[in-house]
Amino acid sequence: MVNFLGGIFYFLLALGILVTIHELGHFLAARACKVKVLRFSLGFGPIIYKRTGKDGCEYAVSSIPLGGYVKMEGENAPVDAEAKASLSPDSFKAKPVWQRAIIIFAGPFFNIALAVILFTIVNMSGISERYAVVGDVTPMSIAEENGFKTFDRIESVEGKKIETWSDFVYTLVEYTGSDKILDVVVKTDMGKGSARTLPLSLKDFTLNRNESPLDVLGLKICYGNITNTLGAVVKNSPADKAGLKVGDKIVLIDGQEIDSWFRIQEKIVESNCRPMELVVERDGKKYSAIVIPELKNNSRAKISKPFVGIAAKVEPLEGLNRMVSYGPIEAFGKALNDAVSMSKLVVVSAYKLINGSISADNISGPIAIAKGAQESAQFGLIIFISFLAAISVNLGILNLIPIPVLDGGQLLFLAYEAIMHKEPSAKTQAFLTSIGAAVLLTLTVFAVFNDIKGL
């Protein structure tokens with residue numbers, strides 16, 4: 001119940017900030033173009049609170065907190081020339097097309113501008129950049145088939161420099177489903193060794209909900225030298241009951257030689273809680289132990305997995321990441337790049353959802369956003385600000401999709417008017433708007449369904 005209420009609180013907080021900024025964009029642009037604003041409402045439906053300002057605008061908070069609107073004089077006026085001639089000069093429809101386009105575009109623009117500001121704050125506060133160093137390669141995975149090795153550092157993809165894992169993930173999404181064989185340059189020994197070029201095909205690469213692109217590819221992020229030696233044994237766990245101790249080195253499981261901690265994890269999962277015969281090395285001698293995993297629920301991942309109760313000894317490695325704090329100008333410049341990269345990712349992802357390269361299960365709705373808002377807030381203010389910036393970019397870009405009901409659909413109508421020197425008929429606009437509303441409602445229902453499945 002606490003988690004649920006926390007999710008609702010942070011969801012409403014995030015949505016309130018984003019909607020306010022979005023509608024503020026429309027509001028300020030309308031004022032700049034001398035259009036009379038009748039109402040500025042946060043939320044839809046029945047009004048809970050309202051106050052009329054000295055400017056004559058009614059400022060309101062409405063009962064359904066899933067959006068907002070700016071009501072302008074004359075925005076729904078008849079479209080014929082005779083009716084337009086009778087409009088007051090400060091009504092929306094009386095303004096030229098370019099001014100109306102600015103008013104409509106200002107909402108999404110303010111969301112993207114907010115993201116740049118938030119990214120700037122994050123960059124100035126200091127961020128940890130983790131280099132794209134491979135910690136493990138899953139056997140029989142796409143990565144292994146293409147020649148990736150543990151401790152390879154990914155240098156570039158198709159000539160584009162790769163610094164961090166985020167850079168690489170963005171590139172994976174960009175080329176998902178492409179027929180192109182990518183040239184991936186890697187260097188051994190965490191970037192200190194020799195370089196080689198690997199061919200990577202993402203033609204059959206698909207992205208699924210609750211599975212990271214790196215997992216699909218078969219790569220693990222390097223957090224250090226993860227050994228086969230036990231760094232911890234949970235008290236009263238299956239491992240503890242079997243007599244395993246901190247410092248034991250696992251060398252065999254069910255007669256198979258183990259050369260990686262990740263293979264130990266895979267063996268535990270594959271066991272399905274059946275008894276496992278382990279051979280461990282302790283003080284130069286080898287001992288056998290029978291461990292019977294227990295099924296344990298992971299509340300964060302929402303799945304149950306076999307549990308043994310051991311953790312690896314991790315040896316720290318230099319050169320895996322760096323902490324960077326930017327000055328105001330550098331932070332702003334990087335924020336612009338971050339916003340552009342994320343905007344591109346949103347557009348590419350939307351396109352790949354349409355052509356099927358990305359599974360439709362990845363479409364998320366308000367429940368997933370609430371969960372993300374709560375989890376990011378638990379990690380601190382800076383992480384929550386980063387989450388808010390990402391959602392703000394998504395909101396701004398998706399609002400520009402040319403679907404009637406969205407701002408992009410209204411811009412499409414204005415483009416038609418600019419070219420044809422007349423508005424689409426009221427009947428045409430109403431028909432297309434109803435279709436757009438139906439599409440949007442269908443996507444929303446589908447997204448909520450996906451969210452519920454992911455709980």
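Predicted model: local features only at pLDDT ≥ 70, side-chain atom pairs only at ≥ 80, totals over all residues.

A: Residues are numbered from 1 along each chain as its sequence is written, and side-chain values use heavy atoms, with hydrogens and water left out.

Q: At what angle do H3 and H11 pack?
A: About 155°, with the axes 8 Å apart. H3 covers residues 97-125 and H11 covers residues 381-398. Helices here are DSSP runs of at least four residues (H or I), strands (E) of at least two, numbered from the N terminus.

Q: Roughly parallel or antiparallel?
A: H3 is roughly antiparallel to H11. Angles over 145 degrees count as that.

Q: Which residues of H3 meet H11?
A: Among them are Pro108, Leu114, Leu118 and Phe119. On the H11 side, the residues include Ile382, Leu388 and Val393. Contact means heavy atoms within 4.5 Å.

Q: How many charged residues in that contact?
A: None: the contact of H3 with H11 has 16 nonpolar and five polar residues, and no charged ones. Asp, Glu, Lys and Arg count as charged; Ala, Val, Leu, Ile, Met, Phe, Trp, Tyr, Cys and Pro as nonpolar; the others, Gly among them, as polar.

Q: New topic. Which residues touch the most other members in the largest nonpolar core?
A: Phe148, Ile154, Phe168, Leu217 and Leu219, in a core of 26 residues. A core is a set of buried Ala, Val, Leu, Ile, Met, Phe, Trp, Tyr and Cys residues joined through side-chain atoms within 4.5 Å. Buried means under 20% relative accessible area, exposed over 50%, partly exposed in between (1.4 Å probe, protein chains only).

Q: Which element gives the largest share of this core?
A: H5, with five residues. Trp165, Phe168 and Leu172 are among the buried residues of H5.

Q: And what is isoleucine 154 in contact with?
A: Leaving aside neighbours within four places in sequence, its contacts include Phe148, Trp165, Phe168 and Leu219.

Q: Where is serine 128 found?
A: In strand E3, residues 127-130. Serine 128 is partly exposed, at 47% relative accessibility.

Definitions and conventions. Axes fitted to C-alpha atoms, helices over the stretch in contact; angles between N-to-C directions. Parallel < 35°, antiparallel > 145°, perpendicular 65-115°, else oblique.
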